[in-house]
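Q: I've got a new model open and want a quick tour. Can you walk me through it?

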Amino acid sequence: MAAYWIAHVKVTEPEAYKGYQALAPAAFAAHGAKFLARGEGVVLEGPEAPRHVVIEFPSLEAARACYDSAEYQAARALRTGAAEVSVVLVAGL
């Protein structure tokens, strides 16, 4: 069953964030990710975030394996201090 990685992102240091953007795609590709949405959105409730991302994975296990992978954690380390991020993994129906 498909699963979804939903992220809400506020980039605070654009130059530093480029390091994350350079490494993260390889981790996503290695785990069968498919980007469904990425960019600005309209927040109707909850905290404001200028960037939203929805990524589909083949399963919740694949999404979690991507997050836990050495490749993604290396990208995440470059993102630390460069963005405020909320990530949620959700099982599909």
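Q: How far apart are K18 and E15 in helix α1, in helical turns?
A: About one helical turn, because K18 and E15 are three residues apart in helix α1. Helices here are DSSP runs of H or I with at least four residues, strands are E runs of at least two, and both are numbered from the N terminus.

Q: Before I go on, what are the ground rules?
A: This is a predicted model: local features need pLDDT of at least 70, side-chain atom pairs count only at pLDDT 80 or more, and totals for chains, interfaces and linings use all residues. Residues are numbered from 1 along each chain as its sequence is written, and side-chain values use heavy atoms, with hydrogens and water left out.

Q: OK. What do K18 and E15 form, and at what N to O distance?
A: A salt bridge, with the closest N and O atoms 2.9 Å apart. The cut-off is a side-chain nitrogen of Lys or Arg within 4 Å of a carboxyl oxygen of Asp or Glu.

Q: How many salt bridges does the structure hold?
A: Two. The other pair is R64 and D68, at 3.0 Å from N to O. R64 and D68 are four residues apart in helix α2, so about one helical turn separates them.

Q: Is E15 buried or exposed?
A: Exposed, at 60% relative accessibility. K18 is partly exposed at 45%. Buried means under 20% relative accessible area, exposed over 50%, and partly exposed in between, with a 1.4 Å probe and protein chains only.

Q: And R64 and D68?
A: R64 is partly exposed at 48%. D68 is partly exposed too, at 44%.

Q: Switching to the sheet. What is the strand order?
A: It is an open sheet of four strands, β2-β3-β1-β4, with antiparallel pairing. Two strands pair if DSSP finds at least two bridges between them.

Q: Which strands stand at the edges?
A: β2 (34–39) and β4 (83–91). Each has a single partner strand, so one side of each is left without a neighbour in the sheet. The twist averages 15 degrees from one strand to the next.

Q: How many bridges join β1 to β3?
A: Seven, running antiparallel. V9 has R51 in β3 as its bridge partner. β2 and β3 (residues 51–57) pair over five bridges, also antiparallel. There, K34 stands opposite E56, and F35 has I55 as its partner.

Q: Which strands does helix α2 lie across?
A: β1 (3–11), β3 and β4; α2 itself covers residues 60–68. It runs at about 155 degrees to β4. Axes are lines fitted to C-alpha atoms, for helices over the stretch in contact, and angles run from 0 to 180 degrees between N-to-C directions.

Q: How many residues has the largest nonpolar core?
A: It has 18. W5, Y20, F28, F57 and Y72 have the most contacts inside it. Such a core is a set of buried Ala, Val, Leu, Ile, Met, Phe, Trp, Tyr and Cys residues joined through side-chain atoms within 4.5 Å.

Q: Which element gives the largest share of this core?
A: α1, with five residues.

Q: What does F28 contact, leaving aside neighbours within four places in sequence?
A: Its contacts (heavy atoms within 4.5 Å) include W5, Y20, I55, F57 and Y72.

Q: Last one. Where is R76 found?
A: In helix α3, residues 70–79. R76 is partly exposed at 30% relative accessibility. Not counting residues up to four places away in sequence, R76 touches Y20 and Y67.
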